[in-house]
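Hi everyone, thanks for coming. I'd like to walk you through one structure today, so please have a look at it with me before I start talking.

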Amino acid sequence: MPNIKQNYSLKSHNTFNIAAKTKYFVECNSIEELQQAVKQSETGFGPRLIVGSGSNILFKDDYNGLIIHPNIKGKKLLKETHSSIQIKVSCGENWDDFVEYCVENSYGGLENLSWIPGKVGAVPIQNIGAYGVEAKDCIIEVEALNITSGEIKTFTKDECEFGYRNSIFKNEYRSKYIILAVTFELSKNPSLTTNYGAIQKHLNNYPKKNIKTVRKIIINIRKEKLPDPNEIGNAGSFFKNPIVNRVKFENIYDNFPAMPYYELSQDTVKIPAGWMIEKCGWKGKRIGNAGVYNKQALILVNYGNATGQEIYDLSQQIKADVKKQFGITLEEEVNII
Ligand code: EPU
């Protein structure tokens with residue numbers, strides 16, 4: 001039976017390094033332990049929340065319930081052909097270790113998602129994405145535990161309802177399923193995705209143009225632009241990039257013709273929230289222990305002892321300014337608890 005701890009500090013369980021506490025906490029290292037913990041906590045423990053590595057969460061307050069921390073390790077080759085390989089990876093595996101393993105073995109598809117903090121279990125929940133690739137591009141299925149019935153269900157890719165930083169696990173099934181494992185299909189003859197930003201330009205400087213080089217480039221870009229959570233608390237992009245209709249886009253564009261944007265369809269355009277936040281003058285600003293990162297305005301940081309509330313208050317001021325200047329309500333990408 002896994003040990004349920006009481007009044008447990010979450011500081012080492014969230015990359016914002018917020019010193020919130022949870023009333024109860026349990027770590028589970030196997031499916032059996034998870035099933036036992038779920039059953040044992042049916043009554044008397046308050047609400048239940050699943051937290052992997054806490055790399056996309058802001059604890060605004062202490063948590064008055066049970067945090068379940070699944071930490072199951074392992075990966076298994078399921079199927080291999082001359083052109084592809086399927087690998088099932090358990091939720092507690094470190095994401096970037098897995099990406100590195102794929103790249104080292106010349107299994108292509110995930111290299112653009114290099115150096116993203118977090119564990120495999122979190123990957124399908126928000127369908128992580130970077131540099132023109134999303135996790136869904138390589139996901140075949142997701143195995144998850146129903147926390148009410150204790151049953152294990154395998155979700156096909158379609159059933160996961162993946163979208164931009166979104167899936168069924170963030171909506172209808174939020175806190176109803178615990179991701180146990182994710183099956184990826186990787187290519188043994190990979191084509192490179194280099195159309196985002198300056199990737200192709202960087203690639204031109206390398207004699208070998210392969211997934212190892214792409215990983216190297218992405219890691220360099222990320223290290224240059226994004227704060228390392230081991231050095232300065234953060235949870236990556238705090239907001240999503242808003243998707244607006246063309247009329248709205250053109251209204252803004254008329255006033256800011258230098259605005260970067262991505263055309264999504266004939267009627268929809270994505271605008272980088274980081275650009276708008278910078279335009280509102282927030283880049284590099286600091287209020288107490290909370291701040292806006294000086295190299296990427298989409299990232300809020302904890303300069304030391306910020307409380308979750310301080311980070312949250314800062315995010316709300318930013319949101320209000322963006323609304324005032326651009327008429328757009330930013331939506332949080334980070335989960336606020
Ligand atoms: N920009 C600014 N000022 C800033 C930040 C960005 O003007 O302070 C401009 C950039 O110059 C560029 C555009 O905004 O023209 C886009 O910036 P960038 O390429 O840095 O990416 P992003 O849209 O801010 C998204 C993801 C990141 C991902 C990068 C690269 C979201 C919410 N964020 O950020 O994901 O790494 O693209 O693909 O979609 C995360 O989800 O935590 C995350 C870091």
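I'll go through the surroundings of the ligand, and then turn to a pocket elsewhere in the protein.

One thing to keep in mind from the start: this is a predicted model.

Let's begin with the ligand. Which residues come nearest to the ligand? Out of 24 residues around it, the nearest are Tyr131, Tyr164, Tyr196, Glu278 and Gln296. If you sort that shell by class, you get 11 nonpolar, 6 polar and 7 charged residues.

Now for the oxygen atoms of the ligand. In the side chain of Arg165, an N or O atom sits 2.9 Å from a ligand oxygen. Lys283 also uses its side chain, with a polar atom 3.3 Å from an oxygen of the ligand. With Ser237 the backbone is involved: one of its N or O atoms is 2.8 Å from a ligand oxygen. As for cover, the ligand taken alone exposes 810 Å², and the protein buries 83% of that.

Where does the shell come from in terms of secondary structure? Strand 8 (129–130), helix 4 (211–225), strand 13 (233–237) and helix 6 (273–279) are the elements that give two or more residues to it. Helix 6 has the largest share, with 3 residues.

And why does the ligand lie between two domains? Because domain 2 (75–223) and domain 3 (228–336) both contribute residues to its shell.

On to the second largest pocket, which holds about 530 Å³ of space. Its lining is made of 26 residues, and those nearest the centre are Ile50, Val51, Gly52, Ile125 and Asn335. By class, the lining has 14 nonpolar, 9 polar and 3 charged residues.

Two strands to look at here are strand 3 (48–50) and strand 12 (177–187), each supplying at least two lining residues. Strand 12 gives the largest share, 3 residues.

This pocket also lies between domains: domain 1 (4–70) and domain 2 (75–223) both give residues to its lining, so that is where it sits.

That's my tour, and I'm happy to take questions.

Conventions:
Residues are numbered from 1 along each chain as its sequence is written. This is a predicted model: local features need pLDDT of at least 70, side-chain atom pairs count only at pLDDT 80 or more; totals for chains, interfaces and linings use all residues. Side-chain values use heavy atoms; hydrogens and water are left out. A residue is near a molecule or strand if one of its heavy atoms lies within 4 Å of it. A polar contact is a pair of N or O atoms within 3.5 Å; within protein, one must be able to donate a hydrogen and the other to accept it, and residues adjacent in sequence count only if both atoms are side-chain atoms. Accessible areas come from the Shrake-Rupley method with a 1.4 Å probe; for residues, only the protein chains shown count as cover. Helices (H or I, at least four residues) and strands (E, at least two) are DSSP runs, numbered from the N terminus. Ala, Val, Leu, Ile, Met, Phe, Trp, Tyr, Cys and Pro count as nonpolar, Asp, Glu, Lys and Arg as charged, and the others, Gly among them, as polar. Domain bounds come from an automatic or database domain assignment. On a 1 Å grid over the protein atoms alone, a cavity is a set of points where a 1.4 Å probe fits but cannot get out, and a pocket is an open set with protein on both sides within 12 Å along at least five of seven lines; lining residues have an atom within 4 Å of a point. Grid points are joined across faces, edges and corners, and a volume is the space filled by probe spheres set on the points.
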